[in-house]
Amino acid sequence: METPKKKLTTASGRPFAENENSQTAGPRGPILLQDYILHEKMAHFNRERIPERVVHAKGSGAYGTLTITHDISKYTRAKLFNTVGKQTKLFLRFSTVGGEKGSADTARDPRGFAIKFYTEDGNWDLVGNNTPVFFVKDPKKFGDFIHTQKRDPYTNCKSATMMWDFWSLNPESLHQVTILMSDRGTPYGYRHMDGFGSHTFSLINADNERFWVKFHFKTQQGIKNFTDEEAGNMRGKNPDFAQHDLLTSIDNGDFPKWSMKIQVMPEADAKTYHINPFDLTKVWPHSDYPLIDVGVMELNENPDNYFAHVEQAAFAPAHVVDGIGYSPDKMLQGRILSYPDAHRYRLGGNYEQIPVNKCPFMVSNYQRDGQMRVDGNHGSGPNYFPNSFDDIEADQAYKEPAWDFGSSVGDWYDRNAEGENDHYTQPGNLYRLMDSTQKQDLINNIVNSMSGIDGPKKEQIVNRQLCHWFRADIGLGMAIAKGLELDLQETMKHMPA
């Protein structure tokens, strides 16, 4: 028996018969104002686009699972980690950072690595990148930095001068710039790169003990990158390469996997450790805090509609669950405020009722009304707390241990004061870890990018940035200066002793 076809209807459910021709006064006359079907189609079409993300606009995503393989309950009471073998559903969105929604996803750029875990204690959003560090360490600098990665307000073109001017004036960026200018800045799609929570977070165990933690996701597909030339060619050949690669691999049953690992630092260590463990421009050496196995993340389901799931997905570092908390990481503190604010602007105040963002378990609170409220608005229940009518309570079992801030003095502290201003050791170590091919690729990529610096301040910007490369590694600085065809004798006059 043939399945009956669905009737074509308006958004309000009214079936209608004509979807191709407007109602007119005669076959060649003007359109009648009463053709509501035309109005509805065009009005909705005019509103199909929502504001794109200010950053991370170009993205791809998929659903999957996290399966716990190792017991870490001595560090955290978070329920998604409480049993070996436990599976938690998740949604992961990859992205480029600086480009627009229609830009190429093979461009030289960090990659976003944002995961939403649908846990029984609420949604946990781990919003990171494919790099363990970032360009700046204070959120007041973030908007200025992003402006340099976007379009020049005069030319409306990307500007190497803007980028390198900012980076040269902010040597704290050198570690991330070194990673970006290596071939890790042009990964071969999304499946062949690692992911990081990047920030320092906290874990809290059943005894209310706090540990500092960093989250790592190691690709089981193996690291694979484009060279600068290959990435450039692919931008012209297929600007959606990474999207297509992820989609087809999952459609073909080749489900990508990552090993989830953590680094754990006892809370007391942070007071004496030789680097600031809450500085987003630094890594914790694995020799001091080795990786601890947690589980395996697998992506195994493509969304059936890109807009509904990938475009409307909203991630916020503010969304943690019991057993996982924040840290004094300044960039994390800034993102706790700004990310939910960005989603409310882009998707509306009730964005967490959108299916991809909705907690699949219980949500009980006193938030009411607002545009696009679609959950019943909590019916006839009271909209205030405390009250004498409902059964909602604040459960003290979820209380976190108090924070010891060490200082009660509120002030504006220099993030790069003495003791916090070594921007060169870790980038230099990273360069010295590279093999000869990786070193040469890094040098070539830096030279190609810095060659785009122009304008009346070109020499000043180039020399300022060269100072940073020399401080990181003298050989690296010399190679870049040579690649830029600079007079080495003249250049050395401007270099650090």
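A nonpolar core is a set of buried Ala, Val, Leu, Ile, Met, Phe, Trp, Tyr and Cys residues joined through side-chain atoms within 4.5 Å, where buried means under 20% relative accessible area with a 1.4 Å probe and protein chains only. The model is predicted, with local features needing pLDDT of at least 70, side-chain atom pairs pLDDT 80 or more, and totals for chains, interfaces and linings using all residues. Residues are numbered from 1 along each chain as its sequence is written, and side-chain values use heavy atoms, without hydrogens and water.

Select W164, W167, M450, W469 and I480: of the 42 residues in the largest nonpolar core, these touch the most other members. Helix 11 gives the largest share of this core, seven residues. Helices here are DSSP runs (H or I, at least four residues), numbered from the N terminus. The core draws at least three residues from each of domain 2 (59-148 + 172-353) and domain 3 (424-494), with bounds from an automatic or database domain assignment.

Next, centre on I480. Leaving out residues up to four places away in sequence, I480 touches I443, I446, V447, M450, L466 and W469; contact means heavy atoms within 4.5 Å.

Apart from this core lies another, of 39 residues, including L80, L126, F211 and L246.

Now show helix 4 (residues 174-181) and helix 11 (residues 458-472), which pack at about 90° with axes 11 Å apart. Axes are lines fitted to C-alpha atoms over the stretch in contact, and angles run from 0 to 180 degrees between N-to-C directions. Helix 4 is therefore roughly perpendicular to helix 11, a term covering 65 to 115 degrees. At this contact, L174, V177 and T178 of helix 4 meet Q465, H468, W469 and A472 of helix 11.

Definitions and conventions
Helix = DSSP H or I, 4+ residues; strand = E, 2+ residues; numbered from the N terminus. Parallel < 35°, antiparallel > 145°, perpendicular 65-115°, else oblique. Buried < 20%, exposed > 50% of the residue type's maximum accessible area, 1.4 Å probe, protein only.
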